[in-house]
Amino acid sequence: MCGIAGIWGKTSQSNIEAMMESIIHRGPDANGIFVVPDGSGILGHQRLSIMDVEGGNQPIYGDGKKAIIGNGEIYNYPQLFSDLESKYQFVTKSDTEAILHLYDDKNITAIPELDGMFSFAIIDNHKFIAARDPIGIKPLYYSEKDGNFWFASELKAITKFCEDVKEFPPGTFFSSETGFSTYYNLPDIPPEMDADIDDIVKDIQETVEASVVKRLMADVPLGAFLSGGLDSSIIAAIAKKHKSELHTFSVGVEGSKDIKAARLVSDYLGTIHHQYLISPEEAIAKLPEIIYALESFDQDLVRSAIPCYFTSRLAAQYVKVILTGEGADELFAGYTYYKDIPSDDILHTELRRSVSSLHNINLQRVDRLTMAHSIEGRVPFLDLKMIELGQKIPAHLKLRGNPPVEKWILRKAFEDILPEEIVWRKKEQFDEGSGTVDLLVDTLKDVMSEEQAQAYQKEHDHINLRSAEECYYHQIFMDVFDNPTAILNNVARWAERPVLV
C-alpha cells in the first residue's frame with residue numbers, strides 16, 4: 001500500500017515533491033522519483049512496505065525509459081510471477097513489478113488479468129498509462145491542466161495546484177495516446193431463482209474463504225478489525241483458521257455493544273485482542289484530523305470514520321495489514337433501508353447499484369482512515385468472484401423471515417463457526433454499535449446550536465446540509481483544506497440514492 005503522484009507533461013520536480021509530501025502518511029517507509037530524461041513526465045512514490053520489504057522500493061524500472069509506480073496489492077502475483085519469470089528478469093519480489101512485466105508481455109490488454117486492488121501508472125518512453133482496479137478499492141484522482149495530466153492517490157495532493165480535479169473512474173485505464181477506456185463494468189447477473197439453498201450455502205462458504213485466504217498474502221504482520229458484528233466476525237474466524245496467531249482490534253465508548261461482542265468473538269476464536277475506549281472529548285478533538293484524512297463532510301461517512309480512525313490507530317501499533325468487512329452489507333442486504341424496498345427485483349437492482357457506488361463512500365473511508373495511520377486495509381467481501389456470487393443469490397434469501405432478517409443466507413452459511421448470539425445479532429452500523437452516534441448527538445449540542453446551524457445552512461444552501469451535526473462537519477471541512485472547493489466537488493453523499501419504485 002502506498003501513495004502515488006505524477007505529472008505527464010513538462011513541470012517542475014518541486015511540484016511532485018510537494019504532492020508527495022501531502023500523502024507521506026500513505027507510505028512513510030521510502031520514497032522515489034522518476035523523471036523522464038526529456039522532461040516529458042515525472043512519477044513520485046511514497047512506499048508502505050508490504051511485499052518484499054527490503055527490495056521493493058519504487059519506481060521499478062523496465063527496459064529503456066520505462067518505469068512503474070503502484071498502490072495496492074495484486075493477489076494473483078504468485079501465478080503471474082510463475083508465468084512471466086521465464087520471459088523477464090525480475091529484480092524484486094514486489095507484486096508491482098509483475099504488473100510491469102505483464103504490461104511488457106501484453107500491453108494494456110493485460111490489465112483485466114490483474115486480481116487485486118490497485119492504482120498504478122507506467123511511463124513507457126513517450127507514452128503514459130494509468131489504471132484503477134475494477135471496484136475502486138484503491139483511490140486515484142486526476143486533473144488535466146495546461147496540457148498536462150496530473151494524478152495522485154488523494155485529492156489534497158492535486159488541489160494544491162489544480163482547481164478542476166476529478167475521480168479516476170473504477171475499472172478504467174488511461175493512455176496518453178487514446179484517452180480513457182473502460183475495461184470492467186460490474187456484471188448484471190440475474191439471480192438463480194431455482195438454486196438449492198444448501199448449494200448456495202456451500203458456494204458462499206467456499207468463495208468467502210478463498211477471498212480471505214488470498215488476502216493473507218503479506219511479508220509483514222496482519223490482523224483484522226473485529227466489531228463483533230457478523231461480517232468482521234466471519235473474516236476473523238476464517239483468518240484465524242489459517243493463521244496460528246491473529247491480532248484483532250475493536251473500539252467503542254465504554255459499555256458499547258461492539259466492545260462486548262468483539263471480546264466474545266475473540267475469546268471464542270482465540271485471537272490476540274486489543275480494544276480502545278473512545279471518550280467524547282477525544283472524538284471531538286480529533287474531528288479536524290479525521291475530516292482532513294477522509295476528504296469528506298458527509299454525515300454518515302464522518303460518523304463511521306470516527307471509530308475507523310481509532311481502530312486504525314490502535315491496529316497500527318501491532319500490524320501493517322488489516323482485514324475488514326466492507327461490502328457484505330451491499331451484497332447481502334444489510335442496511336435497514338433495504339427492508340423498505342417494495343420488490344425483490346428492485347432490491348436486486350439496488351444492491352448492484354450499492355456495490356457500484358462504494359468507491360467514493362465506504363471504500364474511501366476505509367482507505368483514508370487506514371492510510372492515515374500507514375496501514376493497509378483489505379476487503380475480502382469485494383473479491384470479484386464474491387460480487388458475482390452475490391448477484392446470483394435471490395434477494396428473498398438475503399432478507400428472509402417476518403420481520404425480515406438482513407443477510408439471512410450469509411448468517412446461515414457461517415452459523416457453525418461462530419457463537420449463535422453473534423451469527424444472529426441484529427445488524428448495527430459501525431457508528432451505532434460502537435456507540436459513536438449517541439456520543440456525537442450528546443456532545444455536538446455544545447458545539448453548534450440549532451440556531452447557529454440554521455444560519456449556517458442558509459449561508460451554504462447549495463450544499464443541502466442535513467443537520468446541525470453535518471453543518472459542523474462542513475465547517476471543519478472548509479477550515480482544514482487550503483483549497484476546499486476543489487475537494488468539495490468530489491464529495492459523495494451516502495444518503496443521496498435514487499428513488500426506488
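In this predicted model, helix H9 (residues 299-315) packs against helix H17 (residues 436-443) at an angle of about 115 degrees, and the two axes lie 10 Å apart. That angle makes H9 roughly perpendicular to H17. As for handedness, H9 passes H17 in a right-handed crossing. On the H9 side, the residues that do the touching are Arg303, Ile306 and Pro307, and they meet Thr436, Val437, Leu440 and Val441 of H17. Sorted by class, this contact has 5 nonpolar, 1 polar and 1 charged residues.

Helix H18 (residues 450-459) and helix H19 (residues 468-480) have axes that come within 9 Å and cross at roughly 60 degrees. With that angle, H18 counts as oblique to H19. Here the crossing is left-handed. Glu450, Ala453, Tyr456 and Gln457 are what H18 brings to the meeting, while H19 brings Ala468, Cys471, His474, Gln475 and Met478. The class tally for H18 with H19 comes to 5 nonpolar, 3 polar and 1 charged residues. A bit of helix geometry is handy when looking at lists like these: an α-helix has 3.6 residues a turn, so residues three or four places apart point the same way.

Helix H3 (residues 95-106) has 12 residues, which at 1.5 Å a residue should span 16 Å; the C-alpha atoms at its ends are 17 Å apart, so the two values agree. H3 is also mostly covered, with 9 of its 12 residues buried. The buried ones are Asp95, Thr96, Glu97, Ala98, Ile99, Leu100, His101, Leu102 and Tyr103. Both strands and a helix do the covering: the buried residues of H3 pack against strand E4 (60-61), strand E5 (66-74), helix H2 (77-84), strand E6 (116-124) and strand E7.

Ile346, Leu347, His348, Glu350, Leu351, Ser354 and Val355 are buried in H11. Among the elements that cover these buried residues are helix H10 (328-332) and helix H13 (384-392).

Zooming in further, two individual residues are worth a look. Ala130 sits in strand E7 (residues 127-132), and E7 is one of the elements that the buried residues of H3 pack against. Leaving aside residues up to four places away in sequence, Ala130 touches Phe120, Ala121, Phe168, Thr172, Phe173 and Phe174.

Asn490 lies elsewhere, in the segment after helix H20 (484-488). Its relative accessibility is 16%, so Asn490 counts as buried too. Which residues does Asn490 touch, not counting those up to four places away in sequence? They are Tyr141, Leu155, Val165, Lys166 and Glu167.

Methods. Residues numbered from 1 in each chain as written. Predicted model: local features only at pLDDT ≥ 70, side-chain atom pairs only at ≥ 80, totals over all residues. Heavy atoms only, no water. Axes fitted to C-alpha atoms, helices over the stretch in contact; angles between N-to-C directions. Helix = DSSP H or I, 4+ residues; strand = E, 2+ residues; numbered from the N terminus. Parallel < 35°, antiparallel > 145°, perpendicular 65-115°, else oblique. Left-handed = near helix turned anticlockwise from the far one by under 90°. Contact = heavy atoms within 4.5 Å. Nonpolar A, V, L, I, M, F, W, Y, C, P; charged D, E, K, R; others polar. Buried < 20%, exposed > 50% of the residue type's maximum accessible area, 1.4 Å probe, protein only. Expected span 1.5 Å × (residues − 1).
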